[in-house]
Amino acid sequence: MGDLSTTDAKTVTIRRARTGDVPALRRLLDQYVQQRILLDKAPVVLYEDIQEFWVAERDSDGQVVGCGALHVMWEDLAEVRTLAVDRDLKGSGVGHQVLAKLLETARRVGVSRVFCLTFEVDFFAKHGFVEIGETPVETDVYMELLRSYDEGVAEFLGLERVKPNTLGNSRMLLHL
Ligand SMILES: CC(=O)SCCNC(=O)CCNC(=O)[C@H](O)C(C)(C)COP(=O)(O)OP(=O)(O)OC[C@H]1O[C@@H](n2cnc3c(N)ncnc32)[C@H](O)[C@@H]1OP(=O)(O)O
């Protein structure tokens, strides 16, 4: 057989992440953390969060070329995190496939609203996310969320101590 066509080389399968994917997740993150596009996550955090992650595995060679995570914050609320596609494959539809899977997962677990913090406003808007200002929870839920040790929840709440991490990002919300 000859070389794979360009289309075949970009065909991926979206599957749940496994612990063995952590080095590949790190490689994907490393492409974007230095420019402060994505927040860094230590390997231990990736292992702890592995059950939240989905990956895009390239069919032609089994390489992980995309990832994304869904973090549930409250009964009706989750956040899309760490959505990343290998630099060489950007614009091939992989990001949309991973995000679609995260939103399907959100529906399945019973969440009705999905938050994200991103520079990629147009990309998320294609899936119905809209920019928001205030943190979209009632005061009693806000007070409960303050009890979380999770940095992402602190960013969602807009706490001063994490604001340097989030400068320039847009806060977006999708109603499923
Ligand atoms: C909450 C968070 O995690 S925020 C962080 C988001 N991540 C980042 O900013 C990290 C850096 N960026 C990335 O990793 C990626 O660019 C992402 C995740 C933002 C988007 O993933 P990509 O795979 O590049 O996006 P994808 O290709 O699916 O769509 C982008 C555009 O590519 C083009 N495209 C989509 N499919 C194809 C295709 N088959 N062939 C050619 N072009 C295509 C389209 O123009 C598409 O635009 P559309 O929105 O009008 O459909």
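This is a predicted model: local features need pLDDT of at least 70, side-chain atom pairs count only at pLDDT 80 or more; totals for chains, interfaces and linings use all residues.
## Overall build

Start with the big picture. The protein chain folds into 8 helices and 7 strands. Its radius of gyration is 16 Å, close to the 16 Å that the globule rule gives for 176 residues, so the chain is as compact as a globular protein of that length. If you box up the C-alpha atoms along the principal axes, you get roughly 60 × 30 × 30 Å.

How much of the chain is tucked away? Of the 176 residues, 47% count as buried. As for who touches whom, take the contacts with a separation of 6 or more: 67% of them come from residues 24 or more positions apart.

## Surface and charge

## Asp21, in a loop

Asp21 sits in the loop between β1 (12-16) and α2 (22-33). Is Asp21 buried or exposed? With a relative accessible area of 7%, Asp21 falls under the 20% cut-off, so Asp21 is buried.

What does the side chain of Asp21 reach? It gets to the backbone nitrogen of Arg18, at 2.6 Å. Setting aside neighbours within four places in sequence, Asp21 is also in contact with Arg15, Arg16, Val55 and Val64.

## Two positive phi angles

Here's some background for the next pair: most residues other than glycine have a negative phi. Arg36 has a positive phi of about 65°, although it is not a glycine. Where is Arg36 found? Look in the loop between α2 and α3 (43-48). The relative accessible area of Arg36 is 56%, which is over the 50% cut-off, so Arg36 counts as exposed.

Thr82 also isn't a glycine, and its phi is positive too, at about 50°. Thr82 belongs to strand β4, which covers residues 77-85. Thr82 has a relative accessible area of 12%, so with the buried cut-off at under 20%, Thr82 is buried.

Technical notes. Residues are numbered from 1 along each chain as its sequence is written. Side-chain values use heavy atoms; hydrogens and water are left out. Helices (H or I, at least four residues) and strands (E, at least two) are DSSP runs, numbered from the N terminus. The radius of gyration is taken over C-alpha atoms; the globule rule is 2.2 Å times the number of residues to the power 0.38. Buried means under 20% relative accessible area, exposed over 50%, partly exposed in between (1.4 Å probe, protein chains only). Contact means heavy atoms within 4.5 Å. A polar contact is a pair of N or O atoms within 3.5 Å; within protein, one must be able to donate a hydrogen and the other to accept it, and residues adjacent in sequence count only if both atoms are side-chain atoms.
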